[in-house]
Amino acid sequence: MNPDFNMTVFLTIAMAAMVTYGLRVGGLLLAERLPSSGRFRTFMDALPGTILLSLVAPGIVSAGTWGCAAALCTALCTYLTRNVFLSMVVGMGVVAVQRNL
Amino acid sequence: MFREFRIGFIANLPLAASVGAYGSVLGVLASQKGIGWGELLLMNLSIFAGSAQFVMVEMWMPPLPIVEITLAVLVINFRYLLIGASLRPVFHGTSLGHKFAMMHLVADENWAVTMAAHHRGEASTGFLFGGGVCILSAWCSGTMLGHGFGAVIRDPEAYALDFAFIAVFTALAVSLWRGKKDIAPWLAAIVFAVAGEKLLPGKWYILVGGIGGALVSACQHKEENNES
């Protein structure tokens with residue numbers, strides 16, 4: 001290991017860290033400069049739900065019929081019990097059973 | 001503050017096992033690539049973004065392509081711009097220093113748990129930070145165990161641990177449901193995300209689905225104004 005290599009490692013990690021932190025803080029500070037009423041407010045209020053769905057939708061679809069069934073069971077369980085942990089166990093259970101059949 | 005921190009920490013515990021298991025997989029990959037545990041720990045603490053770290057380790061081949069790696073991280077983590085923006089109501093009325101300090105430990109997991117709590121009127125920056133510390137602890141423990149001793153669970157898929165994230169995020173999405181006005185934006189988000197994942201490289205589908213769905217919501221707002 002020569003010192004140059006370690007410097008490069010440090011720089012690579014530092015760049016990635018700065019970019020990531022910049023996006024996190026930048027998003028928050030940017031949102032504060034934008035209007036907090038009207039149509040933009042509606043857009044921002046809808047964002048958490050639509051981001052969450054976008055995170056999971058492709059994964060559910062690519063998990064096939066059983067993935068969709070598991071997601072539906074999870075959603076139904078949350079709707080009925082409001083218990084996120086129980087819903088997670090239900091969804092994982094459906095997928096785990098199917099994979100180990 | 002400590003009470004909120006503790007509640008946030010506990011609320012994220014259901015996710016900690018999966019985060020740890022995936023961390024151990026990353027730890028194994030990192031040690032195969034010759035990345036030292038100190039360097040991996042530095043990545044965990046300073047970057048703290050799972051999918052970006054996986055891609056970094058994949059691209060880790062000396063001489064390190066710094067520019068390529070930085071760009072890849074930028075693209076994968078672009079969603080944090082939206083995630084950061086959506087946290088505005090939680091940070092309402094806090095100082096700039098508080099924002100700078102609290103925004104570092106924001107991952108998909110503790111953000112999602114916080115937004116669900118915010119929907120019930122129970123979220124705070126302490127809650128968010130407690131969740132961040134919980135996820136960070138699991139992430140560091142997992143990666144260090146994987147790096148030192150090999151994967152804790154060799155095949156997370158067999159135990160549906162990959163589906164744990166999908167299940168939790170699905171459950172949290174349901175708890176964010178605001179009624180009929182969400183039908184069109186949510187359907188749009190699903191369609192945009194699934195199509196985006198098929199047509200676009202990397203993680204762009206999260207942005208496409210998130211922004212696309214929220215735009216549909218913004219369009220509905222206009223209609224309501226016209227009607228009244």
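How many residues of chain A are in contact with how many residues of chain B? In this predicted model, 67 residues of chain A are in contact with 80 residues of chain B, where contact means heavy atoms within 4.5 Å.

## Basis of the model

The model is predicted, so local features need pLDDT of at least 70 and side-chain atom pairs pLDDT 80 or more, while totals for chains, interfaces and linings use all residues. Residues are numbered from 1 along each chain as its sequence is written, chains are lettered from A in the order in which they are written, and side-chain values use heavy atoms, without hydrogens and water.

## The interface of the chains

Chain A and chain B bury about 6500 Å² between them, with 78% of it on carbon and sulfur atoms. Buried area is the accessible area (1.4 Å probe) that two parts lose on being put together, summed over both.

The rule finds 2 salt bridges across this interface, a salt bridge being a side-chain nitrogen of Lys or Arg within 4 Å of a carboxyl oxygen of Asp or Glu. B:Asp162 and A:Arg99 form a salt bridge through their side chains (2.9 Å, N to O).

## The domains of chain B

Chain B comprises domain 1 (2-176) and domain 2 (180-228), with bounds from an automatic or database domain assignment. Their centres, taken over C-alpha atoms, are separated by 25 Å. About 660 Å² is buried between these domains, and carbon and sulfur atoms give 85% of that area. In domain 1 of chain B, the residues that lose the most area to domain 2 are B:Val75, B:Arg79 and B:Leu82. Across this domain interface, the rule finds 0 salt bridges.
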